[in-house]
Structure formats: structure tokens, C-alpha cells
Amino acid sequence: MARSLRHLWRLAWIAFVLARHDALFPLERMGVVPGLTLVARLLRKPGQGRPGQRLALALQRLGPSFIKAGQTLSTRADLMGEEVAADLAGLRDRLPPFSGEIARATIAADLGRPVELLFAAFDEVPIAAASIAQVHFATTPEGDQVAVKVLRPGIEAAFARDLSLFAWLADLAERTLPASRRLKPREVVATFAETVRLEMDLRFEAAAASELAENFAGDPGFRVPAVDWIRTGRRVLTTERVIGIPISDRAALVAAGHDLEQVLANAAGAFFQQVFRDGFFHGDMHPGNCFVAADGAVVAVDFGIMGRLDLATREFLADMLMGFLDGDYRKVADVHFRAGYVPATQSRDIFMQACRSIGEPIFGRPLAQISLAGLLGQLFAITEQFNMEAQPQLLLLQKTMLVAEGVGRGLNPDVNMWTLARPLIEEWMIEHRGPEARIRRGLEQAVDAALRLPVLMDALATLAEQSRSGIRLHPDTLRGRGADRMAMLSLALALAALAAALFALAR
């Protein structure tokens, strides 16, 4: 009871802030605690701009947890509507900085050494201050120019309080509004909580940067700043300082002599390599997190939000996108049903018709205006009609694609970044979806099955022995079993060697 009263009081304050910004519609749509919403409506002040813009302003007023929540909701066009989701995608978590003295104390406590020993120079004034952390420039005793990210003091407690409220609201929605269960509000909150947990341990961000850098080692078009692990801990992350021009500063890029189409090609190529080749992508590629180095390479920063896609999801995504690009709506419908995203009880023909209604208007536009992010957003918007469950692994991707398209249009509004990347998708599909790929995968499964066969046979024999409770086997029988296992192992090794030889030939 005390927990519910505390959350209701907090919810009253949220409703008041939303009302003052004329942005009560999320609470009204949720339908939870309708009496509170009704009272808050009396305090509403007519706002300026679109609903999503008003909501973004209200979330900024409510603080760090709500800014992050708004960024998460920007991936849920199925919940918020495409226009509101697009407005929330522009939400930036710029906040007033905390003092350099507090930053120094945090660094010293986390790394166990005074700042004066860790850095030859440390700028007291941060270059950026966000909801979870802020960044200072510094110089190491070895003379390296670095960027030092420091968590805000007390940020964990602030998020814990609001995450408890979000979980309570999600639970309340699922219990009182059965229709909301399809949208998995509890899972949305759990995913958000996990994202925040990872963001508040900067060692995870360092590991993500290291993995992404490894994936692009030797790639001339995309780079990741190196991590200084000696000066990195749970609340402090130190990386190589990025020297470059913000990718959104088109005039500066032109003045520096950069080929904007090549920069766009580098950005598009890097994005699709992350998504399809690696299944590990930067989930927050807004213009403030991308720079262009002197050699034209795109350099990314801020790796707190990363996305992962397993092979099955990447194959679904590639098939679905190519189906839309080719105008093959039967294929688009088939891959949705095959993946289980649309229940088998639904009509394949009607779903195909719905896909056509989405694809034709988009691909009927001039090439530069085609938006694959908009396509995914509209697909998510029809989920209720076909009883489709939300796919969390694709929601972050859709948001990231939306931001990437904005970056691409800023560089060259007459070039569609997806046409630059289409050859990469087709090449990846030939490698992973063609006949040779299917043979290779079948042989890999045969090798795995052959190597597991002796273990399986031994497990079955052990189970048979256990079922004969109290019966002891004759030593000759046990010796026979040992011989059988050796024969089975020899057979398995022979099968594995044969499969390996076929696999080598298939390559």
C-alpha cells in the first residue's frame, strides 16, 4: 500500500507537468488511474507544436529518467504513433553540468588514484553534459589527448526510483487493460531497465567500444576511439580524443574539402556492416555522436546503447527488406509468417495486401525520399490489426535507421543512403542465404551432431542403467558397453571428418 501511495504521488506530479505542457495523451491512452488524468486535465495549458514535440519538452522537464524513457519510446511507433515517435527520436539529454570538483572526486574514488597522477592536465569545464554522465578533455602523463566520461553523482538512486514507478505502471496496465498485453509493457520496462543498468556501468560501454573497434579493424571508412583501460572503471571511461568535424556540420565538411557522397557511403556501409555482418550495432547514432576525420572516415563515440540481432533475425530482415525493394509483397508476407511474427491463424493474403498498402506509397516516391525506417515504423503500426507481438530486437534498429536517414539527408538530400548500401545487403544474402551457404550450414550441423553422438549414447545408456534400480550388470556387459562407446566414438569421428571434408569442398 505504501509503495502504491508513493507511486500515485509521483504520478500526480508527472500528470501536472504533462498537463502544463499539453502532453497528457500518453496517460490518457494508457487508461490507468483515469481519475488522476481527469483532474490533471483541468490544469492543462494549450501548447505549441505537435503532440510529440510537446511531450519531448515535458520529458525534459521531468528529468534524466524520463528523457531516457522518451528515447526508448521513440522506438515504439506501435505504441506512440509514427509522428510522435519521430519527434521523440530528436530528444536530446543535454543537462546542466555538475562541478569539475565533483568530477575529480568521482575519478579519484573510482580509480583509486588522485587525478593529478592519472592526468597531466584535466579540463574542469566539461565539453558535454547529458542525463547520465558528462565528458571532460584531459591529457595523460604520456601526452595522449583523451576524453574522460564521468557518471553523475546520485544517478543510480534517481533512476532506481523512477524505474520502480515505470514497472508499477506496466504491471497495472497489464492487469487492468488486457489489450495492452500484446505490446508487452512489462518487457518494455525490463528492456529499458537493462539498458540503463548497462549505461551506468561504464566498463560495459568500454567493452562495447572495444568489440565494435575489433569488428572494424582495418576498415578505412569507419573507426572507433581506443579505450584507455588503465583509466577506466565503473564510473569513469577514458578514450582516445576524437579529432574531426561533426557529421551534421555540412558547411564545415565542404570547406574542409570532404567528398560528401563518399562520407555518406562510409556511413551507410558501416551501418549495414554492423547490422548484417556483425549483428552488433551502435544504437544511438545521432549527429552529435558522429564525426568525420581528416581522411573522410566516420568516427563514432558514445557506446552506452548498443543493439544485437541474432542470425535468424538478420536473415528475416534481409529477406523482408529485399522483398519490399523488389515489390515482392508475397515474399514479404511469407517471411513474416515463416518467422512466426504473424500468427498462423491470420490471413496471409490480407497481410500481403497490408504490406502492399505500406510499400507502394513509400517506393512510389522519388528515390531520395524513400525511408526504410518509415517502412518499419508503419509495419509496427499494423501489429494490432494482425495480432502481432512486438519484436524488441527490431525496435531499437528502427529508431537507429530513422536517425541514420536524417544524417544521410543532411549530407546529401538528393542521395538515398539505402541505395548505396543495397549491394552490401545483396552480397551478404548471397553469402548467407544462397545454395553454398545452405550446404555449408547443413555440413556444420552434421559435424556438430556427429561430435555429440557419443555423449548422447552414453547418456541414454546411463538412463537405462538407472531405470534398473538395484540390478548390477555383469562385468562382460560393462566391457561390451565400453567397446560400444569406442565404436560409436570412432564412427562419430569418421562422420565428422567426412563432413569437414565436404565442408572444405563446399567453400
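Modeller: First, a definition: helices here are DSSP runs of H or I with at least four residues, numbered from the N terminus. The model is predicted.

The count comes to three cavities of 30 Å³ or more. Start with the largest cavity. The volume there is about 130 Å³. Two helices stand out in its lining: H14 (260–278) and H19 (392–411) each supply at least two residues. The lining includes Leu264, Ala267, Phe271 and Gln274. Also among the lining residues are Ala404, Val407, Gly408 and Leu411. Ile247, Met285, Cys290 and Met417 line the largest cavity as well. By class, this lining has ten nonpolar and two polar residues.

Now the second largest cavity. About 110 Å³ of space lies there. The lining is made up of 13 residues, and those closest to the centre are His336, Phe380, Met388, Gln391 and Leu394. Helix H15 (311–325) and helix H18 (372–381) are the elements that give two or more residues to this lining. H18 provides the largest share, with three residues. By class, the lining of the second largest cavity divides into nine nonpolar, three polar and one charged.

Conventions
Residues are numbered from 1 along each chain as its sequence is written. This is a predicted model: local features need pLDDT of at least 70, side-chain atom pairs count only at pLDDT 80 or more; totals for chains, interfaces and linings use all residues. Side-chain values use heavy atoms; hydrogens and water are left out. On a 1 Å grid over the protein atoms alone, a cavity is a set of points where a 1.4 Å probe fits but cannot get out, and a pocket is an open set with protein on both sides within 12 Å along at least five of seven lines; lining residues have an atom within 4 Å of a point. Grid points are joined across faces, edges and corners, and a volume is the space filled by probe spheres set on the points. Ala, Val, Leu, Ile, Met, Phe, Trp, Tyr, Cys and Pro count as nonpolar, Asp, Glu, Lys and Arg as charged, and the others, Gly among them, as polar.
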